[in-house]
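This briefing covers one protein model, with its core, helices, aromatic pairs and backbone grouped by topic. Please read it with the structure open.

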Amino acid sequence: MKESEIESWSVKKARQSGWWVRKFTTPSRRSAPDDIFGREGRIFWIEFKATGQRPTPLQLEEHRVMREHGLTVYVCDSREAFEAILGHENAFIRMLAH
């Protein structure tokens with residue numbers, strides 16, 4: 001499946017679940033993840049890829065630096081992967097609420 005199809009489906013699904021979603025762009029960092037998701041104080045980034053594709057070395061380095069700073073970055077190449085990510089993040093929010 002194409003990256004754009006996975007991304008648009010995932011963004012729609014996240015918004016239906018109450019997540020704030022924005023395309024994440026920065027002029028000087030072509031390696032930045034594609035989208036930022038937020039809900040109830042929880043923030044994470046996703047790098048979308050076509051099914052079976054991997055991040056570029058530059059993207060992997062950007063993700064590494066972000067993670068070193070305590071940020072959450074996922075790589076997603078399917079609808080099923082996104083459902084797992086969203087399930088994990090929703091469970092994390094529920095856990096914090098109790």
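Predicted model: local features only at pLDDT ≥ 70, side-chain atom pairs only at ≥ 80, totals over all residues.

Residues are numbered from 1 along each chain as its sequence is written, and side-chain values use heavy atoms, with hydrogens and water left out. Helices (H or I, at least four residues) and strands (E, at least two) are DSSP runs numbered from the N terminus.

**Nonpolar core**

- The largest nonpolar core holds 15 residues, of which Trp19, Phe37, Ile46 and Phe82 touch the most other members.
- Two or more residues each come from helix H1 (3-16), strand E3 (42-48), strand E4 (73-76) and helix H3 (79-97); H3 contributes the most, with 4 residues.
- A nonpolar core here is a set of buried Ala, Val, Leu, Ile, Met, Phe, Trp, Tyr and Cys residues joined through side-chain atoms within 4.5 Å.
- Buried means under 20% relative accessible area, exposed means over 50%, and partly exposed lies in between (1.4 Å probe, protein chains only).
- In soluble globular proteins, nonpolar side chains tend to be buried together.
- Apart from its neighbours within four places in sequence, Phe82 is in contact (heavy atoms within 4.5 Å) with Trp9, Ser10, Lys13, Ala14, Phe37, Ile46, Phe48 and Cys76.

**Helix H3**

- The 19 residues of H3 should span 27 Å at 1.5 Å a residue, and its end C-alpha atoms are 27 Å apart, which agrees; the expected span is 1.5 Å times one less than the number of residues.
- Buried in H3 are Phe82, Ile85, Leu86, Glu89, Asn90 and Ile93.
- Viewed down the axis of H3, these buried residues fall within an arc of 130°, so they line one face of the helix; the arc is that of the directions from the helix axis to the C-beta atoms.
- On the face of H3 turned away from its buried side are the exposed residues Glu80, Ala84, Arg94 and Met95.
- The cover over the buried residues of H3 includes H1, strand E2 (35-39), E3 and E4.

**Helix H2**

- Gln59, Glu62, His63 and Met66 are the buried residues of H2, and they cover an arc of only 100° around the axis, which puts them on the same side of H2.
- Exposed residues Pro57 and Glu68 are carried on the face of H2 turned away from its buried side, and what covers the buried residues includes E3 and E4.
- His63, in helix H2 (residues 57-68), has a relative accessible area of 0%.
- Leaving aside neighbours within four places in sequence, the contacts of His63 are Ser31, Pro33, Glu47, Pro55, Val73 and Val75.
- Glu61 also lies in H2 and is partly exposed, at 36% relative accessibility.
- Between Glu61 and Met95 there are 34 residues of separation in sequence and 30 Å in space, C-alpha to C-alpha.

**Aromatic contacts**

- The whole structure contains 7 aromatic pairs; rings of Phe, Tyr and Trp (its six-membered ring) pair if their centres lie within 6.5 Å, with planes under 30 degrees apart counted as stacked, over 60 as edge-to-face and the rest as tilted.
- Phe24 and Trp45 form an edge-to-face pair, 6.1 Å centre to centre with 75° between the planes.
- Phe24 is in the loop between strand E1 (20-23) and E2, and Trp45 is in strand E3, so the pair ties together parts 21 residues apart in sequence.
- Phe24 is partly exposed at 28% relative accessibility, whereas Trp45 is buried at 10%.
- The rings of Phe37 and Phe82 have centres 5.8 Å apart and planes at 40°, so this pair is tilted.
- Phe37 in strand E2 and Phe82 in helix H3 are 45 residues apart, and both are buried.
- One aromatic cluster is formed by Trp9, Trp19, Phe37, Phe44, Phe48, Tyr74 and Phe82.
- The charged end of Arg42 sits over the ring of Phe92, 4.3 Å from its centre; this requires NZ of Lys or CZ of Arg within 6 Å of the ring centre and within 35 degrees of the ring normal.

**Backbone**

- Glu40, in the loop between E2 and E3, has a positive phi near 50° and is exposed, with a relative accessible area of 61%.
- Most residues other than glycine have a negative phi.
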